[in-house]
Amino acid sequence: MLQERQYRKCGRLEQQCQEEEHGHCQEIAQLQDKNKAAVGMFQGLDERINNVATKVIHLGDQLESVNTPRSRAVEAQRLMSHFAEFLSPGPITLDIFLDKSQIDEAADIIQKLHLIAQELPSDKFENAKKKISGKYDEIEKLLIEEFVVAHKQEDIARMKEIASILSHFKGYTQCVDAFIEQSQERAFVGKNVFQNVIPLCRRNYDIMKEVFSNPEQVMAKFILNIYHGKLQDHIVSRLTDKSNTNLYLENLHDLYSRTVQLSNDLMMFEMGNDEMYLTKLTQNIFQKYLENYIGNELRNLKECSVAAIQKFYDSKSHHKRQIQTGGFQDLRRDLQAVIGTRANINIAQIDDYGGETFLSMEVAKSLIQTGKQAFKRCTVLSKQTDQPAHAQLIFDVLLNQLLADYVDYALELGLQAVPIPENKTQPQLYFLQVASQTNEIVHYLEMETVQSLMPIIMSTPKQAECLHKKRQMLEQIESKLDTGLDRTLSAIVGWVKIYLQTEQKKTDFKPEADLDTMASPACMAVVQYLSSTIKRIKSSLDGKNAECVLLELGIRLHRVVYEHLQQFQFNSIGAMIAIMDVNEYRKCVKELHIPLIDTLFDTLHALCNLLLVKPENLKQVCSGETLAGLDNSILVNFIQLRTDYKTQKLATSLKGLVT
């Protein structure tokens, strides 16, 4: 029953839906019919509108074809009536030319009359043409004056109207000039002209775009007036005084850099199609200053360098003098050393200037910094194509002043101040300080060369030329440093040799009584001096330089000590003292930290043991690890220094060692 009831209910609902669907279909059909009717009406209306528009256009063309000749005729009649006024004798009495409130209309009329007058023959219309020309100039002047007044009142609309009217007049450029003059009047306040330009241009560029029909051309002239006016006056006033070349170059660099930066900043404004316009303006201002730039730069670098060096010499109360160099001078020095040693007199007049090296890192930095500023200015003030060549010229002057005139001179004085070899007085090693300061100056020069010079000459032919020049000069300096260090080592070792010869007594190694076995006083004095000398060498030199000098010192010292010991006879106690001496030398040379020198003195120590061992043990000691590699003659020569060599008949027992 429930199912049947639901079936009946569903049937009723389905019938109801079908009835509603049928009603909606009929309604939609009616709406479609109405829509078709509306579309048809719209199409008909559109056609009627098109027909009307076509007729209106046709009618407008007809009216225009009728009205244009009529308007021209009216305009011609109006111009003829005004022209007649100019033909009549006497002054102009028309109100339009007398009433300033009608100046716009008067300007339009007089401009057209002026054009017409140009075509008229002068013999018949001379007076009329003069009157028209006079009124033309008068109205033009009045318009410009009114334009200035409007500009002062910031009446942009009126300025635009007047500029539009004057654009048909000959004096339109005067209108632009008046705008520029009024805009820039009292605009530059203070000493910094550059900081006022951009705000001034930005403020007036917006006005130009509203007032003038050609704002790009107006802006170009606006900037031209700034460059050739206030800016050029400022630059000329700053660069007039050339008495101080360094200050002049600093001002030139500053002004040119700021002008170039200003030109780059002004690129934001449209000034026509010439992209080089601002560059040309800048070049026009600075051309006469840039033509002679490199000559002034080189002269300034030389003058500043000479002044800095001379100021340093003056502070030391030193007068630079000519120094004789070469083989003859070296030969003379060697002869003086030999004669002085043989004759026991000092004939070599050596002036060490109290230890003054005549080198200063402050002076070197001053010269290099002056060169650095020159390189910096070169990249700005020289043409791109000329920069490498100009940089090379600057570098040549810097090298000549710093290395050839300053460092080389100090090296020559230092070489002359090195004590002669085999001097009885303990040598003063001032040349080590000269070498240290020279090394420091060269390192600083190398660093600044990489930073300042190389970016300019990189990948150009000038790079090889500059490096070659620098290498040549550094090789000369290195050669003199080598000579000075060699002489210094000779002086050190020569003093050791003379001191040992003088202070070492034969009884030191052949005492007649039993003594405490300890190093001899002569040895201790030498060791004390050598220790301080080694420390000084290490503090003055670095790297391979120090290593090479210390190696040479060790080798020469070993030769001196070796030859010195061979001049004595040793008993057993003396042999112990010799061993103690050599042991002190070994401790001293260990400060060198050079294995070869340690080996040489270890071998010398082992040789000294031959002076002490029992005769029957000599062959065994000679064949030991330390002495096995030595020539037998060396061993025999050392054994012959024993006092018991003959008494013990050691020659017989050493037959196997004799070659």
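This is a predicted model: local features need pLDDT of at least 70, side-chain atom pairs count only at pLDDT 80 or more; totals for chains, interfaces and linings use all residues.
Me: How should I read the contacts between residues at least 6 apart in sequence?

Reply: Look at how far along the chain the partners sit. Here, 77% of those contacts join residues at least 24 apart.

Me: Now salt bridges. What is the general idea?

Reply: Side chains that carry opposite charges can pair when their charged atoms come close. In this model, a search of the whole structure turns up 19 salt bridges.

Me: Let's take one. Which residue forms a salt bridge with Arg-158?

Reply: That's Glu-161, and the closest N and O atoms are 2.9 Å apart. You'll find both residues in helix H5, which covers residues 156-166. They sit three residues apart, about one turn of the helix.

Me: Is Arg-158 buried or exposed?

Reply: Arg-158 counts as buried because its relative accessibility is 14%, and the cut-off for buried is under 20%. Glu-161 has 42%, so it counts as partly exposed.

Me: Where do Glu-552 and Arg-556 lie?

Reply: Both are in helix H19, residues 543-565. They are four residues apart, again about one turn of the helix. Salt bridges that share partners can also be followed as a group: Glu-146, Arg-158 and Glu-161 are joined into one network that way.

Me: Back to Glu-552 and Arg-556: what do their side chains form?

Reply: They meet in a salt bridge, at 2.8 Å from N to O. Arg-556 is at 13% relative accessibility, so it counts as buried. Glu-552 has a relative accessible area of 31%, which means it is partly exposed.

Me: One more pair, please. What joins the side chains of Asp-274 and Lys-280?

Reply: A salt bridge, with 3.3 Å from N to O. Asp-274 is partly exposed, with a relative accessible area of 36%. Lys-280 is partly exposed as well, with 45%.

Technical notes:
Residues are numbered from 1 along each chain as its sequence is written. Side-chain values use heavy atoms; hydrogens and water are left out. Contact means heavy atoms within 4.5 Å. A salt bridge is a side-chain nitrogen of Lys or Arg within 4 Å of a carboxyl oxygen of Asp or Glu. Helices (H or I, at least four residues) and strands (E, at least two) are DSSP runs, numbered from the N terminus. Buried means under 20% relative accessible area, exposed over 50%, partly exposed in between (1.4 Å probe, protein chains only).
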